[in-house]
Amino acid sequence: MQSNLETGLQLIARLRKNLCVSEFDNILFFNGLTNTDIIEITGNVSSGKSLLLANILAKCILPDKYDDIHIKGLAASAVLINTDCHFQISKLIKIMSTIVADLCKSVNIKKVTNETINKIINGVLDNLIVINCYEKDQFLLTLHTLENIFFYNEKIVILAIDSISAYYWQNRESNDIKSIDSYVFNLIKLIQTITSQYNVITLYTRPSSLTINDVKTKKILFTNFSKELNYVIHLFKSTDSEKHLCLAESRKKKRILNYMINSGVIKWITEKD
């Protein structure tokens, strides 16, 4: 008979205070976020999945304020499980530098020195825990150790995985897994048992073979939207224009966003409902 009594760890997890994420990037996450949401970023090769993930992580760990500079970051912590080896700290630093510099310029703050920007960035880099995985068993072991990581750092609000499907073919050969969707679904169930206790958002990337024509012909709108997901972000990078397309879907609504990339920073420029 299963006991209804919660363990000491579960009690501590339930009582811990979590940062409010409801208005975090409310252009992309137009229905708001909750601390247990699951978000999928999908797109074909070189569509910018890792770049968007890095942008979100940058805003997560940057401070809300530094002296008289209102950066409007979450001042939170995040965990990144790096399986594809596409994520680079140097790119994250460049993104954060651009965010701070552009913000100061937009509010007419006199020129911020590189020394100040470096102080801001160096002060928050410890807020990101990067775990590099190189094979399927290491990845699975990392997932099973997440509870310890979350328990000892109550500032963690995001678990990012780039990408969740990296070891699909290895597992398919050894475990007779037929579908990549079922493989991802099983991983989400495992992850959710931990993140739901500690109120941590799960954000992961996975490849897609969809094209921009699928959006234009509305073939993918509201199709195959898993009930476990709160958002699916489809990225379509244009090869003949600086303007790219993003289709953001929640369970009840869709939004088409146009964006540009400047020094690694994704900037939303138009949107349509």
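Trainee: Is serine 263 buried, partly exposed or exposed?
Mentor: Buried means under 20% relative accessible area and exposed means over 50%, with partly exposed in between. Serine 263 has a relative accessible area of 35%, so it is partly exposed. Bear in mind that this is a predicted model.

Trainee: Where is serine 263 found, and what is its phi?
Mentor: Most residues other than glycine have a negative phi. Serine 263 has a positive phi, near 55 degrees. It is found in the loop between strand E10 (254-262) and strand E11 (265-272).

Trainee: What is the phi of cysteine 85?
Mentor: Cysteine 85 has a positive phi of about 60 degrees, although it is not a glycine. Its place is the loop between strand E4 (77-82) and H3. With 41% relative accessibility, cysteine 85 counts as partly exposed.

Trainee: How many disulfides are there?
Mentor: A disulfide is a covalent bond between the sulfur atoms of two cysteines. The test here is a pair of cysteine sulfur atoms within 2.5 Å, and the count comes to 0 disulfides. For cysteine 85, the nearest cysteine sulfur belongs to cysteine 133 and is 9.2 Å away. Cysteine 246 has 0% relative accessibility, so it counts as buried.

Trainee: Which residues does the cis peptide bond join?
Mentor: In general, most peptide bonds are trans. Here a cis bond joins aspartate 162 and serine 163, with omega about 0 degrees. Serine 163 is in the loop between strand E6 (156-162) and helix H7 (168-175).

Trainee: How far apart are glycine 43 and serine 208, in sequence and in space?
Mentor: They are 165 residues apart in sequence, yet 4.7 Å apart in space, C-alpha to C-alpha. Glycine 43 lies in strand E1 (residues 38-43). Leaving aside residues up to four places away in sequence, it touches Lys49, Arg206, Pro207, Ser208 and Leu235. At 3% relative accessibility, glycine 43 counts as buried.

Trainee: Now the helices. At what angle do H2 and H3 cross?
Mentor: Roughly 60 degrees, with the axes of helix H2 (residues 49-61) and H3 coming within 9 Å. That angle makes H2 oblique to H3. The crossing is right-handed.

Trainee: Which residues of H2 and H3 meet?
Mentor: Leu51, Ala54, Asn55, Ala58, Lys59 and Ile61 in H2 meet Leu92, Ile95, Met96 and Ile99 in H3. Sorted by class, this contact has 8 nonpolar, 1 polar and 1 charged residues.

Trainee: How do H3 and H4 cross?
Mentor: The axes of helix H3 (residues 89-106) and helix H4 (residues 114-122) come within 10 Å and cross at roughly 125 degrees. H3 and H4 are therefore oblique to each other, and their crossing is right-handed. H3 contributes Ile93, Met96, Ser97, Val100 and Ala101 to the contact, and H4 contributes Ile117, Ile120 and Ile121. By class, the contact of H3 with H4 has 7 nonpolar, 1 polar and no charged residues.

Trainee: What can be said of the whole protein, in helices, strands and buried residues?
Mentor: The protein has 9 helices and 11 strands. Of its 273 residues, 47% are buried. Among contacts between residues at least 6 apart in sequence, 69% join residues at least 24 apart.

Technical notes: Residues numbered from 1 in each chain as written. Predicted model: local features only at pLDDT ≥ 70, side-chain atom pairs only at ≥ 80, totals over all residues. Heavy atoms only, no water. Axes fitted to C-alpha atoms, helices over the stretch in contact; angles between N-to-C directions. Helix = DSSP H or I, 4+ residues; strand = E, 2+ residues; numbered from the N terminus. Parallel < 35°, antiparallel > 145°, perpendicular 65-115°, else oblique. Left-handed = near helix turned anticlockwise from the far one by under 90°. Contact = heavy atoms within 4.5 Å. Nonpolar A, V, L, I, M, F, W, Y, C, P; charged D, E, K, R; others polar. Buried < 20%, exposed > 50% of the residue type's maximum accessible area, 1.4 Å probe, protein only.
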